[in-house]
Amino acid sequence: MNHIARLERLPLSRPHRKLLIIGGLGYTFDGADAAIIAFILPVVAQQWSLSAGQISLLASALLIGFLFGALTAGTLGDKLGRKKVMLGSLVVYTSMTLVAAFAPNYWVLFAFRVLAGAGIGAESAIISPYLSEFVPGRYRGRFIGAVAGFFSFGYVLSALIGRYVISPFDDGWRYAQLILTVPILAVIWWRRSMPESPRYLLSKGRVQEAEQVVAALEESVRKETGGVLPPVPAEPDAPSATSHLAHASMGRKLAVLWSGPFAKRTFVAWVMWFCLTFAYYGFFTMMPKLLADSGMTVVKSFSFVLYIYLAQIPGYFSAAFVSEYLDRKRVIALYLSGATLSALGMALSHSEGAIIGFGAALSLFMNGVYALLYTYTPETYPTEIRTTGQGTASAFGRIGGIIAPFAFTAAAAQGGLNAVFGVTSAVLLAGVLTVLALGLATKGRTLEDLSPKNRHRVTDPAPDGAHVGSPASP
């Protein structure tokens, strides 16, 4: 049937763009719900007289949920399918955000922000692997980067809600969470029509279902283009050396991530996700509170953060564009370097204008890296463990996000904003060095080309230590 070659030969067209919009809108509301806590914090801290420890813990609440949601979604996505996990995660985080809007006290708000985070973490971890399995390798960088760019719209939306809903009203933080539950209902409805990934179906031996999905995609492209589709290569679909993992347990798949050819890939992915998430969530979650503590009014700090959030948009889309010309690991290193220098600039700044300028640059570069990570991480793993690889890397990164508010609060207490961004630049520099030294080149290669070939053996971490894989080929 050669389903993979049939997918790879298709031009980008309306069916791909439909998937981009539906997946992107999910990221928009993921981003908005994740970012809104930055604007809730200064208000509830004052209303409920929260301690510094409580503020840091509430700032980390969503990330705690993210960790478990991303880890669970990754393993379930490889076991049950991408579509089921996407729909389930949307329902979880929408319902939990709704309950959080009516929280009567700190601990109820904290608990339901954690549960909402589990839904968002699952959503974020599953979308990019799912979409990458539909898109030809020659378009994958710009496509997944563009999808990830929808996160920036969510952050800008949250800043607008913070400025015009949370700031003017005593219960504005409740209204904000209610607002964020409404649009997602449309996304849930749209996603009912999304097909399951044909690569996932093939990995499970569900060839007839994969044929239906591929044939429908081909027919949609044919109708839009009005022409003859490119010819299909004659070679049949070749099973990867990891095909034995299609029905493996979660524990076995997790062990495979740290064995054989995947160990270095997993190390790089985990380090990059940790460094970026530490800097990113520490910066975007604590920035409004830190600016307010430095003497700005809440309204003014919210306005400044809106300017910084707007810089996310060119960050995502510029990185996606550049990755079409340079290999992704080099673009990741380039943007991480820009973020490192921007954080250092903030650490040395003494005026509001300089803080906002370097903050906008830091925002641009960090979001550019995120656009690339959502492309880079899934493509370094084969179909059988793709969402497990993405989910575990994202989950490990959330540990950095959980730690960040506490580290930022401690640094601010010792040396103010300068110390905060000195720590940020050091962490980002570690990410730069890791990806340059150990990163995998992926530009323009198909997902199958990036997987171990049949001539390689993949270590099976079973108790008997046996090696499981396809026989060596000539």
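**Figure 1. Overview of the chain.** The chain holds 20 helices and two strands. Helices (H or I, at least four residues) and strands (E, at least two) are DSSP runs, numbered from the N terminus. This is a predicted model, in which local features need pLDDT of at least 70, side-chain atom pairs count only at pLDDT 80 or more, and totals for chains, interfaces and linings use all residues. Residues are numbered from 1 along each chain as its sequence is written, and side-chain values use heavy atoms, with hydrogens and water left out. Of the 474 residues, 59% count as buried. Buried means under 20% relative accessible area, exposed over 50%, and partly exposed in between (1.4 Å probe, protein chains only). Contact means heavy atoms within 4.5 Å. Among contacts between residues at least 6 apart in sequence, 84% join residues at least 24 apart.

**Figure 2. Leu12 in the loop between α1 and α2.** Leu12 sits in the loop that runs between α1 (3-8) and α2. Its relative accessible area is 29%, so Leu12 is partly exposed. Neighbours within four places in sequence aside, Leu12 is in contact with Arg17, Val135, Tyr139 and Phe143. Tyr139 is 127 residues from Leu12 in sequence, yet the two C-alpha atoms are 7.8 Å apart in space.

**Figure 3. Helix α2, end to end.** Helix α2 covers residues 14-35.

**Figure 4. Packing of α3 against α4.** Helix α3 (residues 37-47) and helix α4 (residues 52-80) pack at about 155°, with their axes 10 Å apart. That angle makes α3 roughly antiparallel to α4. Axes are lines fitted to C-alpha atoms, for helices over the stretch in contact, and angles run from 0 to 180 degrees between N-to-C directions. Angles under 35 degrees count as roughly parallel, over 145 as roughly antiparallel, 65 to 115 as roughly perpendicular and the rest as oblique. The crossing of α3 and α4 is right-handed. A crossing is left-handed if the near helix is turned anticlockwise from the far one by less than a right angle, and right-handed if clockwise. From α3, the contact uses Ile37, Leu41, Val44 and Ala45. From α4, Ile55, Leu58 and Ala59 take part. By class, the contact of α3 with α4 has seven nonpolar residues, no polar and no charged. Ala, Val, Leu, Ile, Met, Phe, Trp, Tyr, Cys and Pro count as nonpolar, Asp, Glu, Lys and Arg as charged, and the others, Gly among them, as polar.

**Figure 5. Ser49 in the loop between α3 and α4.** Ser49 lies in the loop between these two helices, α3 and α4. Its phi is positive, about 50°, although Ser49 is not a glycine. Is Ser49 buried or exposed? At 61% relative accessibility, Ser49 counts as exposed.

Figure 6. Helix α8 (residues 150-166) has 17 residues, which at 1.5 Å a residue should span 24 Å; its end C-alpha atoms are 23 Å apart, which agrees. The helix is mostly covered, with 12 of its 17 residues buried. Among them are Phe150, Phe151, Tyr155 and Ile161. Helix α9 (residues 172-181) packs on α8 at about 140°, with axes 9 Å apart. The two are therefore oblique to each other. Their crossing is right-handed. α8 contributes Leu157, Ile161, Val165 and Ile166 to the contact. α9 contributes Gly172, Trp173, Tyr175, Ala176, Ile179 and Leu180. The contact of α8 with α9 divides into nine nonpolar, one polar and no charged residues.

**Figure 7. Glu209 in helix α12.** Glu209 belongs to helix α12 (residues 207-225). With 36% relative accessibility, Glu209 counts as partly exposed. Pro195 is 14 residues away in sequence, and the C-alpha atoms of Glu209 and Pro195 are 9.9 Å apart.

**Figure 8. Crossing of α17 and α18.** The axes of helix α17 (residues 328-347) and helix α18 (residues 352-379) come within 8 Å and cross at roughly 155°. α17 and α18 are therefore roughly antiparallel. Their crossing is left-handed. The contact of α17 with α18 has 18 nonpolar, six polar and three charged residues.

Definitions and conventions. The expected span of a helix is 1.5 Å times one less than its number of residues.
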